[in-house]
Amino acid sequence: MGILEKIFKWPFSRSLWMIHYCSACGAVEFPPLVMSPVDWERYGYMPAPSPRQSDIYIGMGYLTKKTVKLFLNMYRQMPEPKFVAAGCNCTATGGLYWDSYATYKRLDDFVEVEGWVPGCMPMPDDYTAFIEYFRRNLKEREIGKYVSRIKPEAFKKIMEWEKLEREWLKEYEEKMKKESNILIQYDFTETYPECFEKDEPKGICKTSIRPVRVRKVLKELKDKGYVLFININTIDWPKKGVIEIFYIVENPSSGEQIWVKTFVPRANPMIDSIHDIYPIAYYIEREVYEMMGVVFRGHPNLKKWILEGNWEGPPPLRKDVDTPSFVVKTMYGGYKYGR
Amino acid sequence: MGDNGKLVQIYFGPQHPGAPGNIGYKLWLDGERVVRAEVIPGFLHRGFEKMMENRTWEMNITLSYRFCVEDPDPLEIAYALAVEDLFGAEIPENAKYIRMIQAEFSRIASHMFWAHFIGGSTGLRTPAYWAVSAREEILKWFGWYAGHRIYHNISVPGGVRYTLPEGFIERTLRVLDFVEKTVRDVEKALIRNSVFKARTVGMGKLSTKEALELGVTGPVLRATGMPYDIRKARPYLNYDKVDFEVPTGSAGDSYDRCRVRFQEIYQSIKIIKESLSKLDPSEPFRIKLPIVAPAGEGIARVETARGEYVIHIVSTRGRQPYRVRLRSASMPLLTTVVNYIIENEEITIADFPVLLASLDPCAPDLDR
């Protein structure tokens, strides 16, 4: 090793700047690293706010599909020399989320990885051990090998997976068309304003209404003091042919909740939107639409929101949408631990 | 406005030090002022509601809390409570008090993490460092008691997993003393600082009526002057048997929200101390529940550090839940509240991270 090379390598291995991108839950262990008690600044480490000034990306936790696309975009903006390290189990094997439809399972499907920090989540000491190893490693390396490259097939893989999801969506839509003539076998009695089930200590009263009366009843409840909108719960019942919907509203002066139960047919799930009565329902309805496929009539902006960029297939929370087998088939080649 | 009379569009996050985690905003700027904001979620979506349908009741414990990393324990407790509600089980008193200690420690850790976050946003890094050191003590306590620093798995359906180790009470009290001392320092250096006041007083105002209309619960609602807390309104565990107050603000601005959070920490410390005195090592900590759950529904409502959390579990008699539905307390904070404040107040691009930090949203909680 020449003296020039030594002069170049010594400061470089002591000024690793990591891109400040808290990509997942592992990032919660970074404040103890950067601040007290571990204080990584003594290793020349700094979180850099811009990709154009950073040297290393550490994948912290699970890789959702949207994050991976963003990461690839960001990583291409980083100047060489640049490196990728993988923290946590999820970047290595998919971890706890091995059957999740919204995550990719391995970081090294997309990019060369310099080091792995296992654990869920890794302790600050584990990360420190990695950074010490990496500094030593950098000093011994040839200058030409100062980069972890994006794998050439990375983008092709993503496109292939998304194509499979779209195909499944088409299949599912055709199946739902066939199902639309099946008669619904579902008993329903309207009890509003009486409760059909009451839970006194929790202050919950469940009542049921016909789907056409949703807007009228919720307006009435809001005038009665149930001003806080909590959630829309949906339950899919393929055998009965319906999706049950619970609108939860709460009275903050007494802490009482009313769960308004109603239903829509599975094949043609349409119900009136209530986003103008309760503003937060605007967002919850969008979430329910993408996850369960319930269409809210009158909603101004009913399109994908959380799942945009994450999932192209059929509504994942439907009971007949078997996402775990799809994931095992596409990502693991048909066998869960096949890798 | 720009030269040609158009608004300037910029992206704020997800790769931005001021963004609350991995979540983005699309901002429309008129000069310096933010006139419109649109949240870009989904970077942290894993589909918990679907994954929980494929796992047994025991396995779901490890999934039940992972959508709010900063404040996992109330979510874990809520899952356990909902399953017990489904089984119709009554858990031992000891387990209730241990869960309360766990939840309150988690609340303190979460608020300390928030203090670090808002310290970074306002440029006050020193108190932020102290806050992280106080949180570190709590994480070490969790590591000692449960074996994990961030995720704990203490509460399981039927009780708590661990009995009392040797020196439990002494060590817990020692941690509390350190935390209380540090929190007082952080409070002095952070919220009594004139720079901090200049950036937060009068910013991001909400009245009680508006906050309720927007769907807000938790400290942000309490800062508007409404003492609404599930621990008081509909007590779960043994919150009705301990003595604590619900701190409230009056103006409902960013500064009041910060003050309320610090007051909450002192109340949490009080709850932990009282719960510690009621533990009895000779009594049981856990009852055993059967593997197969009966058909029915289980519901739990708990107060997390960010507001009310509701979990709804449906079972059709089996080893796995049929459907799990979770309520995110951060969704209103990131969507309706931000939009409302931007519409009604002059928030500049420099103030935007401070506003977000004062609301203390948890990004994965929205995505799940």
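**Domains, helix packing and interface in a predicted model**

In this predicted model, the centres of domain 1 of chain A and domain 2 of chain A, taken over C-alpha atoms, are separated by 43 Å.

Q: What makes up the two domains of chain A?
A: Domain 1 covers residues 3-152 and domain 2 covers residues 197-308, bounds that come from an automatic or database domain assignment.

Q: Why are α4(B) and α5(B) called roughly antiparallel?
A: Helix α4 (residues 125-146) and helix α5 (residues 168-190) of chain B pack at an angle of about 165 degrees, and their axes are 9 Å apart. Angles over 145 degrees count as roughly antiparallel, and therefore α4(B) and α5(B) receive that description.

Q: In which hand does α4(B) pass α5(B)?
A: The crossing of α4(B) with α5(B) is left-handed.

Q: Which residues of α4(B) and α5(B) meet?
A: Contact requires C-beta atoms, placed from the backbone, within 7 Å. On the α4(B) side the residues include B:W130, B:A134 and B:W141, and on the α5(B) side they include B:F178, B:V183 and B:L190. By class, this contact has 13 nonpolar, four polar and two charged residues.

Q: How many residues bring chain A and chain B into contact?
A: There are 55 residues of chain A in contact with 50 residues of chain B. On the chain A side, α2 (30-34), α3 (65-77), β10 (228-237) and α9 (323-331) each supply at least two residues. β10(A) gives the most, with six residues.

Q: What is the class make-up of the side of chain A that touches chain B?
A: That side divides into 36 nonpolar, 14 polar and five charged residues.

Conventions:
Residues numbered from 1 in each chain as written. Chains lettered and ligands numbered in written order. Predicted model: local features only at pLDDT ≥ 70, side-chain atom pairs only at ≥ 80, totals over all residues. Contact = placed C-beta atoms within 7 Å. Helix = DSSP H or I, 4+ residues; strand = E, 2+ residues; numbered from the N terminus. Nonpolar A, V, L, I, M, F, W, Y, C, P; charged D, E, K, R; others polar. Axes fitted to C-alpha atoms, helices over the stretch in contact; angles between N-to-C directions. Parallel < 35°, antiparallel > 145°, perpendicular 65-115°, else oblique. Left-handed = near helix turned anticlockwise from the far one by under 90°.
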